[in-house]
Amino acid sequence: MKKVTILLLIAILVLAFFSFDLHQWLTLESLKSSQEIFAAWKVSHPWLVPFLFFIIYIAVTALSLPGAAILTLAAGALFGLAWGTLLVSFASSIGATLAFTVSRYILRDSVQKRFGARLETINQGVKKEGAFYLFTLRLVPVFPFFLINLLMGLTSIRTVTFYWVSQLGMLAGTIVYINAGTQLAQLESLGDVLSPALLFSFVLLGCFPLLAKKLIELVKKRRVYAHWQRPKSFDRNLIVIGAGAGGLVSAYIAATVKAKVTLIEAGKMGGDCLNYGCVPSKALIKSASVAHKIRNASKYGLEDQTAQFSFRAVMQRIHKVISAIEPHDSVERYTNLGVEVVKGYARLIDPWTVEIQLNEGGVYRLSARSIILATGAKPFVPPLPGIDECGYVTSDTVWEKFAEREAAPKKLIVLGGGPIGCELAQSFSRLGSKVTQIEMEDRVLVKEDKEVSALATKVLQRDGVKLLTGHRALSCELEQTEGGERKFLVVEASGEQTRIEFDELLCAVGRVARLDGYGLKELGIESRRTIAANEYLETLYPNIYAAGDVVGPYQFTHVASHQAWYATVNALFGKYKKFKVDYRVIPRVTFIDPEVAQVGLNEQEATAKAIAYEVTRYNLDDLDRAITESATQGFVKVLTQPGKDKIIGVVIVGEHAGELLAEFVLAMKHGLGLNKILGTIHSYPTWSEANKFAAGEWKRAHAPEAVLTWLEKLHRWHRG
């Protein structure tokens, strides 16, 4: 009601302004004809006239009424250059701030709620450089100031910042008008004030902040490099440190465009994904899934059987899978592509030089115009008392440590309820381990919607995992008994402590960037949890870039590859054109059974960001292909803008959810709505039909009822 009242008041004032023809007083002709009268009033009321003028000017600008330019001329004619400038400078800034405040109060929340996803980039830009943008706009009177007032009110710029930047930015234009007002008799039209030449001058003035920004960047760049001696020539165009997903893609792109590139890796080619993460874990998940299907064969009309297998054979298969993929990331392949691959530990000596401790012995130094840091991440091991004495494995070391085991661990504790923890807990439970999963939060998969977390909890428990949420690990204890050693994890929940016995402890509580040993501190490159980099993936030094887990904000292999393109192109061609990394459409998949896949926002995230949305849901128990495969658990949930088919997020739970998601990733990337998906032929019977049927559910919910009513009448008339 307050907002409605303010809107009505503004509407009444604006309506009164035009109804009583008050705008006729704010014309050049009226001003010139009344100049002597106003001058006389000023003489007889030397304080009242400036005060009333000040109030009127504020009202005109606050209500976004036409005539501010005429009032500015009047200030020059009545009060002279100095006093006129003083009055108008403050009155215009106060009026603009009032308009800004009203726009913010009435419109910002609803606009941000409705268009929050679209405005995210603008909001980030304003948050970072809002004062700079506003100052540039204020310098150029080509842009209507009243529009700037209203539109800036929809952003997150601080009111105080808006005021002082407006006052400073409008000062040049104010002085021009005030000075013209002192020569009012010679003015025939406003065009005499703002001639094309003067407008062009203002445009040039508006370009000044941009030029100043470039100059500041140049000065900063010179200051950053001031302590270093830049080589006169370089051995390479690009050096890439780390041969994981980000490093491999960077080296590949550089070689493709014929740059001379060196790739440095101390460990295994392919990084974490190939050797310790994505590849081995998915191989394990597949074996565990087959064992689960054998035990539950009656679901498919067969007889349930005991899954007979050797755990060692399962682990051997995992290593065979890794070996089969290794050639894709091998030294030989990249050498054939034109990449020089050096095996050793790299350390930055200066912004252009890398020193390499070769694995085979010796030291090797190289210089490059640009360097990309793609050093990845490693599992975080919580500093629990006694953990080293009891021993533990991580998602990296489990593959080697368990490689020769004849059977899965009898008592396995999985510490962590994120994607990695859930995937491994379910798989090892299906392969015979008695798994206890510990999560400090009140639910697993906390980044997902609550219903997804609840479903994950249900399937984990169905597969035998003892899930303890809301439990915090305190310490590990090792006891010596007559029968040998016994290991315990001490956890706390609701103030009570519990000891849980285990044979193996698997830590899956997240990953931390690899930052040590690369010379980052010596060069002053900020690296707390990750390497600090800007939107171009540049670090403190514009020629040193970072990509992948070491820079974040997403620790996914596909994001590392995505960032690698931007880092490489900017590193090689940034002096001509730089590209800001695009994080708008980032998919993710958790490979439990059933899979959980998401792109864009889920309901939890949309609500937290106050973004308005509609939900369309299609349950897989209605999908023919899902019914034929007895895999009806799950759904497709699409978030769209209210009343529109524009997709802002998708969550899919079910078999092959990660594959189904690709169509929505493509649609979001290229701005295709649900109508386009609905109008696309999908083969029958396939899982992908679920996407089309979800689009059909949206269409049915938005059917034009009035049109359908008339069509019903038309068909009735056709029947006679």
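Which helix holds Gly-169? In this predicted model, Gly-169 is found in helix α7, which covers residues 159-169. Gly-169 counts as buried because its relative accessibility is 1%, and buried means under 20%.

A search of the whole structure finds eleven aromatic pairs. One of them joins Phe-402 and Phe-428 in an edge-to-face arrangement, with 5.8 Å from centre to centre and 85° between the planes. Phe-402 sits in the loop between α16 (398-401) and β8 (411-415), while Phe-428 belongs to helix α17 (residues 419-430), so this pair ties together parts that are 26 residues apart in sequence. Both Phe-402 and Phe-428 are buried.

Trp-565 and Phe-579 make another pair, and it is edge-to-face because the ring planes meet at 65°, with the centres 5.5 Å apart. Here helix α20 (residues 557-573) supplies Trp-565, and the loop between α20 and β17 (587-590) supplies Phe-579, so parts 14 residues apart in sequence are tied together. Trp-565 is partly exposed, at 36% relative accessibility, and Phe-579 is partly exposed as well, at 31%. Ring pairs also link Tyr-225, Trp-352 and Tyr-541 into a cluster.

Lys-221, Arg-222, Arg-230, Arg-369 and Lys-575 form a positive surface patch. Among them, Arg-230 lies in the loop between α9 (196-224) and β1 (236-241). With a relative accessible area of 42%, Arg-230 is partly exposed.

Conventions:
Residues numbered from 1 in each chain as written. Predicted model: local features only at pLDDT ≥ 70, side-chain atom pairs only at ≥ 80, totals over all residues. Heavy atoms only, no water. Patch = residues over 30% accessible without salt bridge, like charges linked within 9 Å, V, L, I, M, F, W, Y side chains within 5 Å. Areas by Shrake-Rupley, 256 points an atom, 1.4 Å probe, with all protein chains shown as cover. Salt bridge = Lys/Arg side-chain N within 4 Å of Asp/Glu carboxyl O. Lys, Arg positive; Asp, Glu negative; His and termini not counted. Charge placed at Lys NZ, Arg CZ, Asp CG, Glu CD. Helix = DSSP H or I, 4+ residues; strand = E, 2+ residues; numbered from the N terminus. Buried < 20%, exposed > 50% of the residue type's maximum accessible area, 1.4 Å probe, protein only. Phe/Tyr/Trp six-rings, centres within 6.5 Å; stacked < 30°, edge-to-face > 60°.
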